[in-house]
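Student: I would like to learn how to read strands, helix packing and backbone angles from a set of coordinates. Can we work through one case?

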Amino acid sequence: MHKNFKNIDKVVFGAGALDQLDHILSEKRNENDMFMVFIVDNYFKNKPLADRIPNHDQDMVFFEDIDQHEPTTEQIDRLRDTILEEKGIPSGIIGIGGGSIMDVAKALSLMVTNEGSSSLYQGLNLVKKPGVYHLGVPTTSGTGAECSMTAVLTGPVKKLGLKCDWTVFNQVILDPDLTMTVPRNQWFYTGMDCFIHCIESESGIFYNEFSRAYGDQALKLCREVFLGPDSGQTPINNEKLMIASLFGGLSLTYSEVGACHAFSYGLSFVFGMRHGIANCIAFNHLKEFYGDAVDEFKEMVDFHQIDIPQNLSSGWSDQEISKMADVAYNLSHMWTHALGHDWGEKLSKKDLMDIYRRM
Ligand code: NAD
Ligand code: ZN
């Protein structure tokens, strides 16, 4: 069976596009209990962007701090309960922030109409009812969360997305100016998420011409942004990386991520490490999986003098390494893509533990 992917309904792209948000929302404001919910990265509190949020009197604005941890099921349940108790079912949910905030907005849009804890819905097609209208405004570039069908949450037992057609945003506003303030390390780590999505998408059995068309273009843009003569955080590069992120997300959606994301999920689950940096820590040691792409990654690291933590494993216990290997080993769809349907014969949990010990 070939994938039957639900894409974003509408996309606006261009510098200053955020100013179209009020107009876009105007035709949705009569739905449900007639108010909008804005979920905004706490970084923007008291920053100029906060004054550009087009909230009306009846709307709710939450500045969410995602610096202590990536989005959790507990955080979604708490926000959902507050919204339903105070105002009812919103007309729409708008997420303004990086991958974390976009995932909060996506998950919340589903959880205002589905009962119980969001942890019940971590997995594929477990959500029972469609959510409400939701719109994403990325302020980082690289995750592909703007177009993916998953809202990644860390729950009591696993880090796994709420994954279904209803998760995909109805509308996305891609305004590259909003990424100008991303700190340099974060810009690199999140940008590498995109580079790694494309490399992994290309290196496995689910790869196809659809993925290739998007992935090749995204890689070309990543190379211009991170290695070209005009490399760096410039307005034109911010445009390029924002489109690379979208295309990288589309590439992996029609294919799959692989070994690096499996290792990365282990690191995030056990140590709460952020997705972008966790990917970089893992990718640095995956030459047997991704060959020249790892050398290219190291070239980009050197070029931008980015610090990728090394020798971390000296501080890890056997129990922690074993737990990470369990988390990674359970991501069978990623290993199937990376190594084939008989991956279980090629790779053992011990192999994964050995690779973690290199990090
Ligand atoms: P993030 O959203 O976690 O944000 C990282 C940091 O950047 C935070 O401190 C945030 O406050 C700050 N920040 C965001 N925008 C900024 C701006 N414009 N200026 C200054 N600071 C800014 O980082 P991310 O790498 O974009 O996202 C990672 C998250 O995305 C993880 O939670 C991961 O699980 C998720 N993710 C989801 C998908 C998906 O398909 N749904 C894919 C990949 C990653
Ligand atoms: Zn990723």
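Student: Which strands form the open sheet, and in what order?

Tutor: Keep in mind that this is a predicted model. In general, strands of a sheet pair through backbone hydrogen bonds, and the pairing is either parallel or antiparallel. Here, three strands make an open sheet with the order β5-β8-β7, and the pairing is mixed. Its edge strands are β5 (123-124) and β7 (150-154), each of which pairs on one side only.

Student: In which sense do β5 and β8 pair?

Tutor: The pairing of β5 with β8 (residues 159-163) is parallel and has two bridges. For a position to check, L124 has K163 in β8 as its bridge partner. A helix also belongs in this picture: α3 (residues 99-111) lies across β7 and β8, and runs at about 95° to β7.

Student: What are the bridge partners of β4, starting with β2?

Tutor: Strand β2 (residues 36-41) runs parallel to β4 and is joined to it by five bridges. With β6 (residues 133-138), β4 pairs in the parallel sense over six bridges. There, G97 has P138 in β6 as its bridge partner.

Student: Is β4 largely buried or exposed?

Tutor: Count the residues under the 20% relative accessible area cut-off for buried. Six of the six residues of β4 (residues 92-97) are buried, so the strand is largely enclosed by the rest of the structure. This holds for both faces: G92, I94 and I96 point one way, I93, G95 and G97 point the other way, and all are buried.

Student: How do I read the packing of two helices, and at what angle do α4 and α10 cross?

Tutor: Two packed helices are described by the angle between their axes and the distance between the axes. For α4 (residues 184-202) and α10 (residues 292-303), the axes come within 12 Å and cross at roughly 165°. Therefore α4 is roughly antiparallel to α10, given that angles over 145 degrees count as such. The crossing of α4 and α10 is right-handed.

Student: Which residues meet between α4 and α10?

Tutor: From α4 come F188, M192, F195 and I199, which meet A293, E296, F297, M300 and V301 of α10. By class, the residues of this contact are eight nonpolar, no polar and one charged.

Student: At what angle do α11 and α14 pack?

Tutor: Helix α11 (residues 318-329) packs against α14 (residues 349-358) at an angle of about 120°, and their axes are 9 Å apart. That angle makes α11 oblique to α14. The α11 residues in the contact include I321, M324 and Y329, and those of α14 include L352, M353 and Y356. The division by class is eight nonpolar, one polar and four charged. As for handedness, α11 passes α14 in a right-handed crossing.

Student: What is the phi of N46, and what is that of N311?

Tutor: Most residues other than glycine have a negative phi. N46 is not a glycine, yet has a positive phi of about 65°. N311 is another non-glycine residue with a positive value, near 50°.

Student: Where do N46 and N311 lie?

Tutor: N46 sits in the loop between β2 and β3 (60-64), and counts as exposed at 76% relative accessibility. N311 is in the loop between α10 and α11, and is exposed with a relative accessible area of 59%.

Key: Residues numbered from 1 in each chain as written. Chains lettered and ligands numbered in written order. Predicted model: local features only at pLDDT ≥ 70, side-chain atom pairs only at ≥ 80, totals over all residues. Heavy atoms only, no water. Axes fitted to C-alpha atoms, helices over the stretch in contact; angles between N-to-C directions. Helix = DSSP H or I, 4+ residues; strand = E, 2+ residues; numbered from the N terminus. Parallel < 35°, antiparallel > 145°, perpendicular 65-115°, else oblique. Left-handed = near helix turned anticlockwise from the far one by under 90°. Contact = heavy atoms within 4.5 Å. Nonpolar A, V, L, I, M, F, W, Y, C, P; charged D, E, K, R; others polar. Pairing = 2+ DSSP bridges. Buried < 20%, exposed > 50% of the residue type's maximum accessible area, 1.4 Å probe, protein only.
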